Amino acid sequence: MISTLRLSPALAPGLRLLGLFTLLLGLLYPLLVYGLANALWPWQAQGSLWLRHGQPVGSALIGQSFAGPQWFHGRPSAISVEPGQTPVSTGSNLGPSQPQLLTQAHERLLAWRASEQQAGPAPQDMLTASASGLDPHISLAAALAQVARVAQARGLDAAQLAAQVRAQAAHPWFSDGQAALARVNVLQLNLLLETP
C-alpha cells in the first residue's frame, strides 16, 4: 500500500521561509549589490583592470612578473610562476628567527646589486617577499633605484623617466606627502613605458 507523504503543519511555513530567503538573499540582494557597485564604482567592480587597445593586460591589484632590464621589477615573491600559469597567493611563512629568511634577503641583495649595478644598500621592499606573493606596488625609492637600468635599456633620458616615476607615485592617506611612504604600481609604470 502506497502512503502519501504529508507535511507537518510546522514544516510548511519553514519551507516557505526557505524559499523566500533564498530568493531575497541568494538572488535579489547579490543583484542589487552588483548593480550598485557597477553604477557607483565600475572600474573597481570589474576587477580594477587596465586595458591596452581594449584588451585587459592586468589588474592594478595583482602584481605581475617582469623580466629583463627594460622593465621595472616588482617585489620578490615567495612563489615561482611559470609562463602561462596563474599565480597563487601564498607567503613563505619564514619568521625573523629562521636563518633561511636572512639567507634569502642576502641572495636578493646580491642579485639586486648585480642587476642594478649599484653598491650599497637596496630598498628594503626589494629584499623581502610580500606576504601574499602578489604585491602590485613597490616603494618610490625602489622604483627610482631602477630608473638608470630601465633608461639605459630603452635609450631614454634618466631624468625624464625619474620625473615620470615620481608623477605616478601614490601617497597613503594621512602621510603628509612623505616620500618614504610613497608607492608606485609596477604594472602602471611598465604600461607607461610602452605608451608612444
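1. The largest nonpolar core has 29 residues, and Phe-72, Leu-161, Val-165 and Val-184 touch the most other members. A nonpolar core here is a set of buried Ala, Val, Leu, Ile, Met, Phe, Trp, Tyr and Cys residues joined through side-chain atoms within 4.5 Å. Buried means under 20% relative accessible area, exposed over 50%, and partly exposed in between (1.4 Å probe, protein chains only). Helices H3, H4, H5, H6 and H7 each supply at least two residues of this core. H7 gives the largest share, 5 residues. In soluble globular proteins, nonpolar side chains tend to be buried together.

2. This is a predicted model, in which local features need pLDDT of at least 70 and side-chain atom pairs count only at pLDDT 80 or more, while totals for chains, interfaces and linings use all residues. Residues are numbered from 1 along each chain as its sequence is written, and side-chain values use heavy atoms, with hydrogens and water left out. The pLDDT is the predictor's confidence in each residue, from 0 to 100. Its mean over the protein chain is 84, and 88% of the residues reach 70 or more. Among the elements, strand S1 (residues 49-52) has the lowest mean pLDDT (85) and H6 the highest (94).

3. The protein chain holds 7 helices and 4 strands. Helices (H or I, at least four residues) and strands (E, at least two) are DSSP runs, numbered from the N terminus. From that end the order is α-α-β-β-α-β-α-α-α-β-α. Of the 196 residues in the chain, 27% are buried.

4. Which residues of H5 are buried? In this helix (residues 147-154) they include Val-147, Arg-149, Val-150 and Ala-151. The buried residues of H5 pack against H3, helix H4 (140-145), helix H6 (158-168) and helix H7 (186-194). Just after H5, Gly-155 takes a positive phi of about 70 degrees.

5. Leu-161 deserves a separate look. Leaving aside neighbours within four places in sequence, Leu-161 is in contact (heavy atoms within 4.5 Å) with Phe-72, Val-147, Val-150, Ala-151, Leu-156 and Leu-193. Across the protein chain, residues 24 or more positions apart account for 57% of the contacts with a separation of 6 or more.

6. The structure holds 2 aromatic pairs. The rings of Trp-43 and Trp-50 have centres 6.1 Å apart and planes at 45 degrees, so this pair is tilted. Phe-66 and Trp-71 form a tilted pair too, with 5.7 Å centre to centre and 40 degrees between the planes. Rings of Phe, Tyr and Trp (its six-membered ring) pair if their centres lie within 6.5 Å; planes under 30 degrees apart count as stacked, over 60 as edge-to-face and the rest as tilted.

7. Are the members of these pairs buried or partly exposed? Trp-43 is partly exposed at 38% relative accessible area, whereas Trp-50 is buried at 19%. Phe-66 is buried at 18%, and Trp-71 is buried at 15%. Arg-154 lies over the face of Trp-71, 4.6 Å from the ring centre. For that label, NZ of Lys or CZ of Arg must be within 6 Å of the ring centre and within 35 degrees of the ring normal.

8. Two loop residues complete the note. Ser-132 lies between helix H3 (99-116) and strand S3 (137-139) and counts as partly exposed because its relative accessibility is 29%. Leu-181 lies between H6 and strand S4 (183-185). Its C-alpha is 7.8 Å from that of Leu-140, 41 residues away in sequence.
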